Amino acid sequence: KTNVGTPGEIPLDCIYCGQCATHCPTAAIVEKHNIEDLEKVLLDSSKIKIFQIAPSVRFTAGEAFGLEPGTLVEGKIITALRKLGADLVFDTTFSADLTIVEEANELVEKIKKKIKRESEKLPMFTSCCPSWVLYIEKYYPELISNLSSCRSPQGMLSSMIKTYYAEKKRILPENIVNISVMPCTAKKYEAQRSELGKNRQLDTDMVITTNEFARMVKQKGIDFVNLKDGEFDKALGISSGAGVIFG
């Protein structure tokens, strides 16, 4: 009479955090992967494949290849992505710097309005975790106006790639496939939010997790540990140490 379910059969109101897949004792719940979809994209020579790497991934990906937890493998990830078929590799830390500046400006403006006794809700809350934001939206809607209006670093860089970078390089946005390497399944959900796009075209086309990246590298027989360090492409690969800490 054993069955797989939640405690007390209480339905899950999903916020896409991935904790169920992490803790499911029977492996009945697993993350949805996009490896096959990405492999098809990488074979399409008509598209420009642009990757971005989240700050934390460079410190965690090495574990999948037997390296000590926390080992910095930024350069090896860049080289591995180029071997997989990336045309350009940018750094999400670039937009983490943008996030710091934009959120600081937003907070200053809110405080100024409050001092003038204008209608403005404080404190201001912010998180780059899409599940945290969705949790607020679902369970504490009265706090939505306290949330920063800024996108997460993934959202900001994806927008920069499809607008600023495309314009500078005279590339049609529809010819760019924007792929993020992110630490969690929540970023897959975030990429599909309709607000994070323009003219019915999403800014982030695909998200793969650290685990998916490692799986692909192993499937292709790439000797990750012995790869030479690559470098991010300019200029959306330039960032500060503060951005890395932020991420």
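Which residue just after α9 takes a positive phi? G221 does, at about 70 degrees. This is a predicted model, in which local features need pLDDT of at least 70, side-chain atom pairs count only at pLDDT 80 or more, and totals for chains, interfaces and linings use all residues. Residues are numbered from 1 along each chain as its sequence is written, and side-chain values use heavy atoms, leaving out hydrogens and water. Helices (H or I, at least four residues) and strands (E, at least two) are DSSP runs numbered from the N terminus.

**Helix α9**

**Helix pair**
- The axes (lines fitted to C-alpha atoms over the stretch in contact, with angles from 0 to 180 degrees between N-to-C directions) of α5 (residues 92–115) and α7 (residues 153–168) come within 8 Å and cross at roughly 110 degrees.
- That makes α5 roughly perpendicular to α7, a label for angles of 65 to 115 degrees.
- Residues in contact (heavy atoms within 4.5 Å) include F94 and L98 of α5 and M156 and M160 of α7.

**Pockets**
- A pocket is an open set of points on a 1 Å grid over the protein atoms alone, where a 1.4 Å probe fits, with protein on both sides within 12 Å along at least five of seven lines; lining residues have an atom within 4 Å of a point.
- The largest pocket has 28 lining residues, with C14, Y16, C17, T185 and Y189 nearest its centre.
- To the lining of the second largest pocket, α6 gives the most, with 4 residues.

Technical notes
Angles under 35 degrees count as roughly parallel, over 145 as roughly antiparallel, 65 to 115 as roughly perpendicular and the rest as oblique.
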